[in-house]
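Please read the briefing below beside the sequence and the model.

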Amino acid sequence: MQFTGLPLQTVLALAAAAAVFVTVLYLLKLRKRRIEVPFSPLWNQVLASQKSYTDWWNRLKRLLSWLIHIVLVALLAFAMAGPHFKDEVLTGRHILVLIDNSASMAATDVNGGIDRLDIARRKAADILETVSSQDRIMVAAFNTRIEPLSPFTNDTSLLETPLQNLSVAATGTTYEQALAFAADSLRDKGQSELLIISDGAGLEGKSFENFNFDQETTIRHLKIGERSDNIAITAFNARRYLANKLDFELFVQIQSFFDREIDAELELYADERLVETRQIQLQPDEIYQTFYPSQAIAGEKLEARVRITSRDARDVFPLDDRAYALLPAAQKLRVQLVTDGNLFLEGTLLLNPNIEVTRTRLHEYDVSQSFDVTIFDRVAPPIPDTGNFVYFAPSGPDSPFDTQGAINNPIITDIKKSHPLMRWITLKDVNIGQSVKFRRKSGDDAVASAFGDPIIMTRRETATTDQPDLQRNLIAIGFDVRNSDFPMRVAFPVFIFNLLDYLTIDDQDFIASHETGETWSIKLPADIPTSDVTATMHTPTGQRLPVPIFDGRAMFYGETPGFYRLEIPGVSSVSRPASILLAANMNDVDESRIAPFQLELPDTEVSDQAEALVFRRHQLWIWILLLVSLVLMLEWWTYNRRVTQ
Amino acid sequence: MIINRSKLTSALYWIVLTAAWMLLAFLYFQHIIAPGTETIAFTIADRTAEIMAPRWFGLTLFLPILWLIARNTLSDLPRYQRAINITLRALVLSAIIAALVQVVFTSFESRVSTIFLVDTSASVPDEVLEKAVTFINEAHQAKGPRDDLRVVAFAQHPYQVEWPTEGPLTSIPRPNNSPENQDEHLYTDIAAGLRMIYGLFPQDHLKRVVIISDGNETRGDFIAEAYRARAFGVRIFNHEVEFEPRPEVLIQNIDVPETIEPGAPFNLVARVFSTHDDRATITLWQNEFKDSTQSVELTAGLNEIAFKTQVYEPGFREFRLEMTVEGQDSFSENNHFVHNINIRGKPRILYIEGETRSRIYLERALKDETFELETRSATGFPRSKKEIDAFDLVLMSDVPAKNLSHDQMRLLDRYVREDGGGFIMTGGEASFGPGGYKDTEIEKLLPVTFEPEKKRETPSLALLLVIDRSGSMAGERMELAKDAAKAAVEALKPQDQVGVIVFDHAAETPIRLQPASNRSRILSQISRLDVRGGTDIALALAESYEQLAFASAKIKHVILLSDGESPARNIFTEILPAMRIENITVSTVAVGDGSDTSMLRRIAERGNGRYYFTNNPYHVPQIFVQETNTVAKSSMKEEPFRPTVTGRAQILDGIAWNQAPYLLGYVSTKAKPQANVLLAADNGEPLLARWRQGLGKSAAFTSDLKNRWAVEWVRWPGYSKFWSQLIRDTMRTDDRDSLPMRVEIIQDHAHITVDAIGEDDNFINNLISNVQMTLPSGKIEPFQLTQTAAGRFQAKIPLKEYGSYSFKAEHTLNNDTIAISNASLSYPYPQEFMFTQPNHTLIRRAAEISNGTTNPTAQQLFEPSGEQAKYRRHIWPYFVALALLLLVLDLALRRIRLSGKTEISWDNLLKKR
């Protein structure tokens with residue numbers, strides 16, 4: 001027997017005191033009211049003859065009454081202590097319930113619930129109801145990240161509401177992370193139980209390393225789900241051509257997870273207008289890829305939808321039947337050229353209608369004005385902490401590049417051909433009169449160099465302890481273009497545009513789509529101040545969420561596919577309000593492969609039963625109190641009938 | 001009507017009781033049963049209370065029974081005391097009901113639980129741990145009696161540090177590097193440490209964490225975890241322990257030029273970071289060889305040390321730097337660095353020519369090309385993978401199969417399929433089928449089968465064996481000649497025709513031309529041949545002509561064996577021209593020095609046959625068999641023809657095919673179904689066919705490249721262009737068809753991206769990209785890239801070893817390997833050893849996120865500062881205790897009469913009534 005109520009000492013002291021009082025009270029002889037009636041001697045005589053009998057009866061009644069009260073005291077004390085059967089309460093267990101709420105849990109192939117998550121939720125609630133008060137339990141939802149609903153607690157009622165509010169996140173599942181979390185959370189906790197409630201979608205063929213679970217940890221996996229019938233758009237995006245930046249190529253990948261042939265229809269929408277329909281036939285487990293090259297679609301928002309047209313088939317997981325992509329509008333690039341006059345550079349920049357060139361003389365240069373790219377031609381004034389900067393032949397105390405003398409007639413010997421700056425061009429035979437000799441810093445990347453001395457190099461500067469806001473991309477070209485025959489070559493304009501592309505086009509800009517289940521780092525336009533601004537994200541579900549901004553980027557964790565709009569308020573006189581559209585997709589083949597699968601771990605046994613974890617709690621004290629109530633009622637009756645005293 | 005007073009009281013009693021009961025029943029039903037209330041929440045004095053089981057309120061419905069029972073009580077206590085008794089009993093029961101409905105109070109506590117999370121990974125020096133112990137002991141002193149303090153340490157995984165049973169904490173142990181987990185200290189996972197402690201806080205305490213770490217996180221996402229900690233009300237404090245950076249010298253990186261040309265010197269720059277001024281000796285190794293050693297003065301900060309070196313041969317290079325530091329250095333693990341590079345030189349072509357004299361034609365033609373041509377004789381085929389890998393193409397001309405072992409053929413096969421090498425076989429007597437390559441690995445590798453296109457007509461061969469039986473042939477020679485003849489007959493197919501002519505000064509025909517199926521009779525007749533007088537070849541040939549001229553065979557051939565001299569007579573003027581008209585060919589075999597070798601050679605030349613000379617008569621049977629085989633099986637077509645262009649390809653561009661001279665012959669073959677036939681002979685049989693085999697390509701040119709069949713070609717300007725283009729197209733193509741592959745390390749994973757963008761800026765899609773990752777241990781792990789967008793293929797692979805990785809991707813489109821990507825990655829030592837300075841920003845940021853501070857004092861850690869921990873408390877046991885007290889009181893008031901005499905007179909009693 002174990003006790004969970006008031007401390008035993010307190011209970012015993014109370015009970016003892018009460019028992020003493022009860023006994024004392026019964027030792028007191030209760031005086032009856034004596035009523036003198038006429039002919040009392042007669043009565044006395046009658047009474048005297050019965051006295052011996054009554055005395056004995058009275059004594060018995062008193063003993064019985066005392067006993068009843070002693071029993072009542074004992075029962076109350078016992079209830080107060082919160083008794084439980086020995087085999088019922090497993091003291092000190094740490095129970096971690098991990099509930100998969102990744103996208104595949106929205107599959108509707110289950111009985112007794114709306115979807116897999118609904119079943120999982122019920123199973124978790126069953127466990128919650130039955131854990132003992134000595135146990136500590138943590139419930140965590142996991143998909144690509146882990147969201148514990150509370151720290152370890154023994155108050156299960158705290159968990160009920162968040163558990164009921166748990167919904168499916170349209171993201172993938174990172175089992176490794178969930179298992180590592182579980183191993184860390186349960187480490188050194190003694191007797192511990194891990195219960196994973198998941199469909200195991202995507203586990204097939206996965207092998208896990210050792211997660212270093214404690215010896216005493218029991219791992220259980222409740223598998224939910226029955227079928228794998230699903231077709232999915234597993235990839236959909238638009239990629240801009242490198243040279244022709246106005247055109248795109250669309251990529252759609254559809255995968256069937258049926259074990260038989262399926263007819264389906266792929267529809268393509270631009271700004272919600274249907275622009276293309278395609279009938280497709282998918283073999284079992286087929287991955288169907290299709291491309292729409294050289295698209296110059298009018299419209300911004302693209303959507304692909306796939307649906308089954310075979311009559312006898314049902315897609316039990318509709319969440320991945322739609323995918324979204326954006327065709328970003330070509331934005332004008334704001335470039336500042338700080339020079340005393342250089343027609344070569346100016347002329348080249350003016351060639352491109354998508355570039356807005358601002359020419360500034362050195363004494364007019366204003367640090368507070370921000371541009372997408374600033375080019376310094378033979379000058380190096382102080383620069384702000386963030387931005388993109390190109391230097392031609394930098395010198396002077398404010399130059400971020402240390403120099404040590406000059407190289408005359410340098411011959412470019414080493415070129416990183418694969419570097420984006422060198423795309424489509426060669427510099428091998430460029431004649432240069434003189435170049436600055438750079439002293440390289442850690443992290444400098446030499447793109448072209450002359451016998452080990454960099455002629456062109458790039459540098460990315462990130463936040464340090466001294467400069468927490470530092471976020472700069474720098475490119476240094478060691479020579480003055482006018483002191484070389486470079487501007488006479490076809491390669492020159494290409495090189496200048498490569499410079500601008502390298503600084504302004506992110507990898508992800510080529511592919512304008514985000515993935516759910518990741519923290520998106522959204523680059524903001526250059527003229528938006530990086531501090532004191534909170535942007536608002538309008539999600540596809542109509543929510544408005546505040547988004548923090550760090551280092552010129554908005555960080556947002558998205559978990560619903562669809563179109564998002566990020567709105568950045570304008571800061572008076574500095575910037576105007578801006579709005580950025582985003583498309584997000586699930587793009588996770590493992591998640592669309594919804595066939596349930598049992599978790600297996602090396603060196604650790606994973607049970608598929610949770611019965612041993614579930615047990616009914618017998619709250620003995622309730623029964624005891626009910627018994628006490630009944631006895632009190634009976635005793636009340638016997639007292640009033642003078643059966644007891 | 002006078003109402004009886006007692007009846008009135010009774011009626012009132014019943015009305016009140018029933019009304020009370022009905023009211024209770026109504027309230028219970030209205031508020032609890034009907035709405036199905038599970039819990040009731042309310043607030044008392046700013047505290048939230050909840051009733052967890054309100055259904056038990058139903059028990060109150062039984063309370064009126066108390067009054068019912070008491071109505072006819074036999075108790076003789078005063079009326080008011082009886083009323084108190086009923087009330088008390090009702091209160092006892094009410095207290096029990098109050099316990100049963102389970103009231104839960106939200107309570108607040110200001111006790112503090114502080115957990116110290118101490119980083120014990122390799123980058124944290126002992127000095128920090130000692131200071132941490134001091135601070136923790138200080139905090140232990142400062143904590144209040146109801147506060148809680150624990151210590152958790154972490155590196156890769158977190159673990160609890162037990163507080164000693166007596167006295168202060170003495171030390172924080174480093175992680176236990178058990179054999180299964182040797183690298184425990186090589187990682188820092190602060191997030192894991194934080195996750196572990198969520199379960200360690202007592203519930204009714206304020207939760208605080210003090211992190212003592214250098215902030216150099218190598219795994220996990222601490223900032224994300226800090227947000228979660230905040231959601232759970234865990235405050236993170238940052239206790240920064242300043243420490244002298246450990247003296248450390250490490251090789252950060254090596255700069256190697258992207259393209260290294262063999263023989264050209266280049267600079268390899270080692271970037272060495274040092275925390276202090278020091279001296280070090282750095283040795284550069286190239287593969288297994290020590291390249292150079294430099295003793296350098298290091299200054300604090302980044303040092304660039306250039307090694308001027310060169311590579312003499314193309315191929316795979318491993319540059320390894322080993323550094324010995326003279327002064328202080330904390331870790332030796334980061335004193336080496338490995339970088340792999342595949343150095344491409346001029347393309348190297350291995351040209352194996354069976355007929356060494358003829359090699360000049362190709363050598364001359366290619367001398368201006370940017371190939372490095374190495375010519376070897378028939379026996380020079382490479383024997384090892386390393387040897388063959390040095391070449392980008394192997395060209396075999398007229399090398400008989402007998403010169404290649406089975407292993408060498410397999411080597412060639414692997415060289416083409418797996419290593420992307422090129423292979424060309426050109427025709428000749430010892431190539432393709434005639435060379436003995438039927439059913440070998442090489443036939444499988446080439447785009448043609450060695451069965452000729454058309455079946456020969458039957459009987460297709462008429463062979464005459466003309467054997468000298470002059471006196472000089474007596475004895476052993478004649479016996480060997482007989483054996484040779486017998487062997488030749490045995491080698492023929494039944495439908496071939498064979499005859500034997502023996503000659504001395506006259507010619508005799510012991511065996512007339514007849515089907516070889518009469519084998520036993522022919523053989524016995526050969527055995528009976530004997531030796532006679534002089535030698536007259538002319539007669540013998542004349543006789544042969546007569547016999548063969550009318551034979552119905554497509555191939556008519558004479559093998560002439562002689563060991564003597566003979567007058568030429570009309571051999572060259574009449575017989576051979578006549579034979580040529582009838583398509584009769586003659587091969588000659590000269591035995592011994594006495595024979596008229598020059599005449600026999602001329603006969604063979606004019607007779608379009610082969611000339612053999614042997615000093616050893618034992619070779620004669622072998623020669624006969626080879627010759628018979630050559631003729632019998634010959635798929636060689638020796639007719640002049642002009643090649644027809646049958647396919648379009650770059651390799652044929654720029655060559656005036658309409659002006660191409662005649663080729664004089666070729667080996668008859670049949671194109672395999674997938675082969676790409678670019679040139680064909682007159683009858684449509686392939687002249688030039690090529691295809692892809694695995695990573696490499698192979699081509700078959702069925703005519704030759706020398707002065708036999710291509711005698712006109714070698715002088716033609718197109719010859720040189722054709723061969724250089726064919727070689728270029730077929731050879732290993734790493735340079736030309738390569739797609740850029742980027743490999744980055746992101747938290748122990750290699751992220752591999754290939755951008756497949758074609759020449760015309762179009763994206764290349766639907767590639768099957770197989771990557772082979774060579775681990776530092778030499779183990780090869782294959783995996784596939786998946787397409788993620790138009791022209792983009794990606795994969796993410798965990799890195800399990802330290803050292804240099806190389807990646808080779810093979811991109812296949814429609815079963816055709818179209819490109820290769822190579823990349824290498826240096827992961828020389830755990831990131832843990834890269835850090836020489838603490839990263840305070842990370843933990844400061846986390847502290848800010850979770851409303852903690854940096855560098856709090858020991859006292860501040862335990863100050864609740866207005867915060868209170870909220871926790872829920874069940875108060876039912878207190879109601880039970882209350883019931884117990886009330887019960888005792890109830891009993892007391894029954895046992896003790898509060899008023900009234902114990903004796904009353906009868907009169908008084910009557911008066912009362």
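Predicted model: local features only at pLDDT ≥ 70, side-chain atom pairs only at ≥ 80, totals over all residues.

Residues are numbered from 1 along each chain as its sequence is written, chains are lettered from A and ligands numbered from 1 in the order in which they are written, and side-chain values use heavy atoms, with hydrogens and water left out. In chain B the secondary structure comes to 21 helices and 43 strands, where helices (H or I, at least four residues) and strands (E, at least two) are DSSP runs numbered from the N terminus.

**Interface between the chains**

- In chain A, 95 residues are in contact with 93 residues of chain B, contact meaning heavy atoms within 4.5 Å.
- About 8400 Å² is buried between chain A and chain B, with 59% of it on carbon and sulfur atoms; buried area is the accessible area (1.4 Å probe) that two parts lose on being put together, summed over both.
- Four salt bridges are counted between chain A and chain B, a salt bridge being a side-chain nitrogen of Lys or Arg within 4 Å of a carboxyl oxygen of Asp or Glu.
- Arg195(B) and Asp184(A) form a salt bridge in which the closest N and O atoms are 3.0 Å apart, and this pair crosses between chains, from helix H5 (residues 190-197) of chain B to helix H5 (residues 175-186) of chain A.
- Arg195(B) counts as buried at 10% relative accessibility, and Asp184(A) is buried as well, with a relative accessible area of 4%; here buried means under 20% relative accessible area, exposed over 50%, and partly exposed in between (1.4 Å probe, protein chains only).
- A salt bridge of 2.8 Å, N to O, is formed by the side chains of Arg89(B) and Glu635(A); Arg89(B) lies in helix H3 (residues 79-100) of chain B and Glu635(A) in helix H10 (residues 620-640) of chain A, so the pair joins two chains.
- Arg89(B) and Glu635(A) are both buried.

**Other charged pairs**

- Over all chains, the count comes to 60 salt bridges.
- Side chains of opposite charge can pair when their charged atoms come close.
- Within chain A, Arg260(A) and Asp312(A) meet in a salt bridge of 3.3 Å, N to O; Arg260(A) lies in the loop between strand E10 (248-256) and strand E11 (262-270), and Asp312(A) in the loop between strand E14 (301-308) and strand E15 (322-326), so the pair ties together parts that are 52 residues apart in sequence.
- Arg260(A) is partly exposed, with a relative accessible area of 30%, whereas Asp312(A) is exposed, at 57%.
- In chain B, a network of salt bridges links Arg348(B), Glu372(B), Glu374(B), Arg376(B) and Glu387(B).

**Cavities**

- The structure holds twelve cavities of 30 Å³ or more; on a 1 Å grid over the protein atoms alone, a cavity is a set of points where a 1.4 Å probe fits but cannot get out, and lining residues have an atom within 4 Å of a point.
- The largest cavity has a volume of about 60 Å³, where grid points are joined across faces, edges and corners and a volume is the space filled by probe spheres set on the points.
- Among the residues that line the largest cavity are Ile233(A), Thr234(A), Arg322(A), Ala323(A) and Asp588(A), and strand E9 (231-240) and E15 of chain A each supply at least two residues of this lining.
- The second largest cavity has a volume of about 50 Å³, and its lining includes Val124(B), Ile212(B), His239(B), Pro838(B) and His840(B).

**Local elements**

- In helix H18 (residues 840-849) of chain B the buried residues are His840(B), Leu842(B), Ile843(B), Ala846(B), Ala847(B) and Ile849(B).
- These buried residues of H18(B) pack against H5, strand E7 (205-212), helix H6 (222-231) and strand E8 (234-238) of chain B, and just after H18(B), Asn851(B) takes a positive phi of about 65 degrees.
- Thr360(A), found in strand E17 (residues 355-360) of chain A, is buried with a relative accessible area of 6%.

How values were computed:
1 Å grid on protein atoms, 1.4 Å probe; cavity = no way out; pocket = protein on both sides within 12 Å on 5 of 7 lines; lining within 4 Å.
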